[in-house]
Amino acid sequence: MTTYRIGPDVAWHRSDDDAAERIAVLDLAEIGAVPFVLEGSAAAIWIAVDEHGSEGADGVLTAVAERFGLEPAEVGGDVRAFLAELVERRLIESSAGSL
């Protein structure tokens with residue numbers, strides 16, 4: 001199973017505004033990095049990685065689907081694509097564990 005975690009050199013802040021969830025993410029290892037701002041479903045995916053990344057993509061999918069009252073199959077493609085983008089940006093890390 002592939003698990004996910006926020007990168008060790010990544011700083012992030014979750015807004016306190018309940019009306020619009022917003023998360024600012026910054027890769028501290030990259031000189032001159034620009035903050036990456038996440039809102040809506042992107043913010044929900046980030047929180048799901050933080051809280052359920054050790055459960056793999058299925059754990060993240062389930063958390064995001066529950067957050068929006070949807071079935072995991074309805075959000076699966078989008079969530080997996082965004083997880084891949086976050087890994088590519090080196091904001092989260094993925095690791096394949098042994099069963």
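This is a predicted model: local features need pLDDT of at least 70, side-chain atom pairs count only at pLDDT 80 or more; totals for chains, interfaces and linings use all residues.

Reader: Okay, then which residues does Arg90 touch, not counting residues up to four places away in sequence?

Author: By that test Arg90 touches Val10, Asp27 and Glu30. Arg90 itself sits in the loop between H3 and strand S5 (92-96). Ala29 is 61 residues away from Arg90 along the chain, yet their C-alpha atoms are separated by 9.6 Å.

Reader: Why does Arg90 count as exposed?

Author: Exposed means over 50% relative accessible area. Arg90 has 56% relative accessibility, so it counts as exposed.

Reader: What is there to say about the phi of Arg90?

Author: Phi of Arg90 is near 65°, a positive value, and the residue isn't a glycine. For background, most residues other than glycine have a negative phi. There's a positive phi of about 65° just after H2 too, and that one belongs to a glycine, Gly69.

Reader: What makes Leu28 exposed?

Author: The cut-off is over 50%, and Leu28 has 56% relative accessibility, so Leu28 counts as exposed. You'll find Leu28 in the loop between S3 and S4. Leaving out residues up to four places away in sequence, Leu28 touches Asp9 and Ala11. Ala73 is 45 residues from Leu28 in sequence, and the C-alpha atoms of the two are 34 Å apart in space.

Reader: And Tyr4, why is that one put in its class, buried or exposed?

Author: Buried means under 20%. Tyr4 comes out at 15% relative accessibility, so it counts as buried. Tyr4 belongs to strand S1, and its contacts beyond four places in sequence include Val49, Gly56, Leu83 and Ile92. Arg67 is 63 residues from Tyr4 in sequence and 19 Å from it in space, C-alpha to C-alpha.

Reader: How do you know how H1 and H3 are oriented to each other?

Author: Two packed helices are described by the angle between their axes and the distance between the axes. The axes of helix H1 (residues 41-52) and helix H3 (residues 72-88) come within 11 Å and cross at roughly 70°. The range from 65 to 115 degrees counts as roughly perpendicular, and H1 and H3 therefore get that label. On the H1 side the contact is made by Ala42, Ile45, Trp46 and Val49, while H3 brings Val79, Phe82, Leu83 and Leu86. By class, this contact has 8 nonpolar residues, no polar and no charged ones. Those four from H1 are also in its list of buried residues, along with Ala43, Ala44, Ile47 and Ala48.

Reader: How do you know that the span of helix H2 agrees with what it should be?

Author: The expected span is 1.5 Å times one less than the number of residues. With 13 residues, helix H2 (residues 56-68) should span 18 Å, and its end C-alpha atoms are 19 Å apart, so the two agree. H1, with 12 residues, reaches 15 Å and is close to its expected 16 Å. The buried residues of H2, among them Val60, Leu61 and Val64, pack against strand S1 (2-6), H1 and H3.

Reader: Last topic: what makes S3 and S4 a pair?

Author: Strands pair if there are at least two bridges between them. Strand S3 (residues 22-27) and S4 are joined by 4 bridges and run antiparallel. Arg22 has Glu39 as its bridge partner in S4, and Ile23 has Leu38.

Reader: Which residues of S4 are on its covered face?

Author: In a regular strand the side chains alternate between the two faces of the sheet. In strand S4 (residues 36-39), Phe36 and Leu38 make up the covered face, whereas Val37 and Glu39 are on the uncovered one.

Notes: Residues are numbered from 1 along each chain as its sequence is written. Side-chain values use heavy atoms; hydrogens and water are left out. Buried means under 20% relative accessible area, exposed over 50%, partly exposed in between (1.4 Å probe, protein chains only). Helices (H or I, at least four residues) and strands (E, at least two) are DSSP runs, numbered from the N terminus. Axes are lines fitted to C-alpha atoms, for helices over the stretch in contact, and angles run from 0 to 180 degrees between N-to-C directions. Angles under 35 degrees count as roughly parallel, over 145 as roughly antiparallel, 65 to 115 as roughly perpendicular and the rest as oblique. Contact means heavy atoms within 4.5 Å. Ala, Val, Leu, Ile, Met, Phe, Trp, Tyr, Cys and Pro count as nonpolar, Asp, Glu, Lys and Arg as charged, and the others, Gly among them, as polar.
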